[in-house]
Amino acid sequence: MADMRAFREAVTGWAAGGPGAAARDLAESSGVRVAVLVEGLSDLAAVEALATRRGRDLAAGGVCVVPMGGAMSIGGYAALLGPPGLGLRLTGLCDEAEQGFYERGLRRAGAPLRDIHVCRADLEDELLRALGIPGVEEIFRAEGDFRSWQTFLRQPAQHDRSPHQQARRFLGTRKGRKIRYGRLLAEALAPDRTPGPLDDLLASL
């Protein structure tokens, strides 16, 4: 796991314009064969949490989940990690609105488009729909966030939103909350309630 974390950090630096030698060396020493390209850290948390719950050791299987800091970075990451660069198999999880960025980036890198797994709005949306608001509220309660959630619901700006929209907004109101709940919501999923894009992604690895 430490090697995969180091590889991920090296790739991030490489994508930002730094040298690629460290990423190349770590790819070889860590046995990386697949890069899962996701938009952000909450996606990373959810994918790794669900894999762990299913007894999957992604690192042992040569799989590294790489958050890119936004879908528009897909072209650069695909070029570095895919056929033009390290030659890894590329797959990814993206929002429906960002699918075009993924398709163009993977196409330019010569990677198969079939390996894109698309969420309707975003991964948080998929997780919230899978769990339902009562289930999500139980997680808020267990995490000590239920009182903050109730206070949030009393804000005038929330009155015209659906409970689902309110929950999505709540997850983004405090730094780090979206990442933390990416993991927690994924861990709470029943086996038969896993969102299709996330289930298909893990099945493909």
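Begin by selecting Arg-180 and Asp-145, which form a salt bridge whose closest N and O atoms are 2.8 Å apart; the term salt bridge is used here for a side-chain nitrogen of Lys or Arg within 4 Å of a carboxyl oxygen of Asp or Glu. Arg-180 lies in helix α9 and Asp-145 in the loop between α6 and α7, so this pair ties together parts that are 35 residues apart in sequence. The helices and strands named on this tour are DSSP runs, numbered from the N terminus, with helices (H or I) having at least four residues and strands (E) at least two.

Before going on, note that this is a predicted model, in which local features need pLDDT of at least 70 and side-chain atom pairs count only at pLDDT 80 or more, while totals for chains, interfaces and linings use all residues. Residues are numbered from 1 along each chain as its sequence is written, and side-chain values use heavy atoms, with hydrogens and water left out.

**Around Arg-180**

Glu-143 is in the loop between α6 and α7 (146-153) and Arg-180 in helix α9, so here the pair ties together parts that are 37 residues apart in sequence. Which of these residues are buried, and which are partly exposed? Asp-145 is buried, with a relative accessible area of 6%, whereas Arg-180 is partly exposed at 28% and Glu-143 is partly exposed at 34%. For these words, buried means under 20% relative accessible area, exposed means over 50%, and partly exposed is in between, with a 1.4 Å probe and protein chains only.

**Along helix α6**

Next select Glu-138 and Arg-141, whose side chains meet in a salt bridge of 3.8 Å, N to O. These two residues are three apart in helix α6 (residues 123-142), which means that about one helical turn separates them. Glu-138 is partly exposed, with a relative accessible area of 48%, and Arg-141 is partly exposed as well, at 46%. Then select Asp-125, Glu-126 and Arg-129, which are linked in a network of salt bridges; the structure holds 11 salt bridges.

Stay in helix α6 and move to Glu-124, which is buried, with a relative accessible area of 5%. Not counting residues up to four places away in sequence, Glu-124 touches Ser-42, Asp-43, Leu-171 and Lys-178, where contact means heavy atoms within 4.5 Å.

**Helix α3 and its partners**

Now select helix α3 (residues 41-53) together with helix α9 (residues 177-187), which pack at an angle of about 25° with their axes 7 Å apart. The axes are lines fitted to C-alpha atoms, for helices over the stretch in contact, and the angles run from 0 to 180 degrees between N-to-C directions. α3 and α9 are therefore roughly parallel to each other, given that angles under 35 degrees count as roughly parallel, over 145 as roughly antiparallel, 65 to 115 as roughly perpendicular and the rest as oblique. The crossing of α3 and α9 is right-handed, a term for the near helix being turned clockwise from the far one by less than a right angle, with anticlockwise giving left-handed.

To see this contact in side-chain view, show Leu-41, Ser-42, Ala-45, Ala-46, Ala-49, Leu-50 and Arg-53 in α3, which meet Lys-178, Ile-179, Gly-182, Arg-183, Ala-186 and Glu-187 in α9. By class, the contact of α3 with α9 has seven nonpolar, two polar and four charged residues, with Ala, Val, Leu, Ile, Met, Phe, Trp, Tyr, Cys and Pro taken as nonpolar, Asp, Glu, Lys and Arg as charged, and the others, Gly among them, as polar.

Val-47, Leu-50 and Ala-51 of α3 make the contact with Leu-198, Leu-201 and Leu-202 of α10, and its residues divide into six nonpolar, no polar and no charged.

**Two loop residues**

Select Gly-62 in the loop between α3 and β2 (63-67), where Gly-62 is buried, with a relative accessible area of 3%. Leaving out residues up to four places away in sequence, Gly-62 touches Met-4, Gly-31, Val-32, Arg-33 and Val-34.

End at His-159 in the loop between α7 and α8 (163-171), which is exposed, with a relative accessible area of 52%. Apart from neighbours within four places in sequence, His-159 is in contact with Leu-153 and Arg-154.
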